[in-house]
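Please read the points alongside the model.

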Amino acid sequence: MLALAVVMVLAPQNVSFDDKVLATIDDEVTADKVVFSPDGRSVAYRGLKAGKYAVYTNKAKGPEYQAVDMLQFTADNRVSYKAANGEMWSVIVGGSPVGGTQRQIGTPVFSPDGKKVAWDGSRGQGGAQDAKAAHVVVGGTKGADYAAVGKPIWAADGQTLAHTVRIGKAGSATRAFHTVHAVVIGAKVGPEYEEVASPIFAPKGHRVAYKARNGDFTWHMNVDGKPEDTWTALADPVWSPDGKRLAYRASNKPNEWFVVVDGQKSGPFDALGSDPIWSPDSKQVGFIVRKGLDAWVQVGGDKKSEAFPECALPAWSPDGSTIAFAAKGKGRWMMVSGDKRGPDDLENVGAPIWSPDSKRIAYACMWKFKWIVVIDDGKNTQFDAVQPPVWSPDSKKVAYAAQQAGKWKMVVAYRHGLPFDEICTPPYWNSDGTKVAFGGRIGGDLVWRVLPGE
């Protein structure tokens, strides 16, 4: 079982590189759920004192509640959470409630710019024929009622919202009260189905796709409101980075799988070991193929890597020239990139993380039952745990958090920082790679720490 499927986190343009103590937790307060704002200028935590919860932001204490959950910062650096007194919950954003109280509230979901919020809510468990128990709230305004609703999802531009719904249907002489499923995009309810999966927006624009079935157990992909071919097995859609193309795995019988790209089938293959992954320029699709005792990474219909007993975690280089992936041979794992192989004696391996210039790779892995980060081909210090490494903008250095003997430290360009009780964020490099910033806890102090990157 592979661990540490990771996403590289890039530093925001306005992140702070000023070292400071943002808050000190009072000895009488039990604190948890510590989160830092995206710009590193604020910290929030849930504090329990005398049986009451409050959210503390830097040195300011918020109102007291019986329950507080889903604490987070928005992209525009406002603190958000849901809170309850008694059985009724509210959503609090930037210190103010948004919308009214409700018996049940899902996780508040913000638009990419952090300015709009939506959540799924309900008035509680309804009866067997309750067709109006649930709804979605957008910006404090309650939407239409349904038997059930799914978690809302924002389009990349933050202008359109989508979610699944279950629509109650009155009973008849031949069929009792029942529900059908649909996807709501904006204010428009789509076609009715027996079952639908959550919609997935393209990373740019408003295009959307989702899986759906009607009646029997065959599925089709609904792309921008138009159904494609039916399949007995269907994976989630994967959009290209430019938002113009779509790929997914599909099958109609055992040991015969296809990769469907823009509606056109590639295959058949005995089995597929991964979803398709798009190159950064949206021109190529790679995926893992399995046949008998062999597995390999394939690009399109014919370009193949060397075969191994097992392959996993493929990742394109930023320039789109190479796919790196984890491969297992003779009982141990290694990292493969083109004709290059990393150490081949690893017990476990995380996803490859490419440097911005596409020339180097770093990854977390387990070696001799301890966790290490491999940079290029070099093994580094062993730890009890490590977090995903992050490259500097100039591709020369790596920073990552590591745990040893119950304490965490930030490792920057092979140098170990001082111990923390908790490190709460990934490392953020400044633009010229001379500084690394991150948030963490030392005793009762919540600090934004800056280390030299040289």
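Is Arg-341 buried, partly exposed or exposed? Arg-341 is partly exposed, with a relative accessible area of 41%; buried means under 20% relative accessible area, exposed over 50%, and partly exposed in between (1.4 Å probe, protein chains only).

1. This is a predicted model, in which local features need pLDDT of at least 70 and side-chain atom pairs count only at pLDDT 80 or more, while totals for chains, interfaces and linings use all residues. Residues are numbered from 1 along each chain as its sequence is written, and side-chain values use heavy atoms, with hydrogens and water left out.

2. Arg-341 meets Glu-306 in a salt bridge (2.5 Å, N to O), the term denoting a side-chain nitrogen of Lys or Arg within 4 Å of a carboxyl oxygen of Asp or Glu. Glu-306 lies in the loop between strands S34 (303-304) and S35 (310-316) and Arg-341 in strand S38 (340-341), so the pair ties together parts that are 35 residues apart in sequence. Strands are DSSP runs (E, at least two residues), numbered from the N terminus. Glu-306 is also partly exposed, at 47% relative accessibility.

3. The whole structure holds 23 salt bridges. Among them, Arg-41 pairs with Asp-39, with the closest N and O atoms 3.9 Å apart; Asp-39 is buried at 9% relative accessibility, whereas Arg-41 is partly exposed at 39%.

4. Val-34 is in contact (heavy atoms within 4.5 Å) with Val-43, Ala-44, Tyr-45, Cys-424 and Leu-446, leaving aside neighbours within four places in sequence.

Methods: Helix = DSSP H or I, 4+ residues; strand = E, 2+ residues; numbered from the N terminus.
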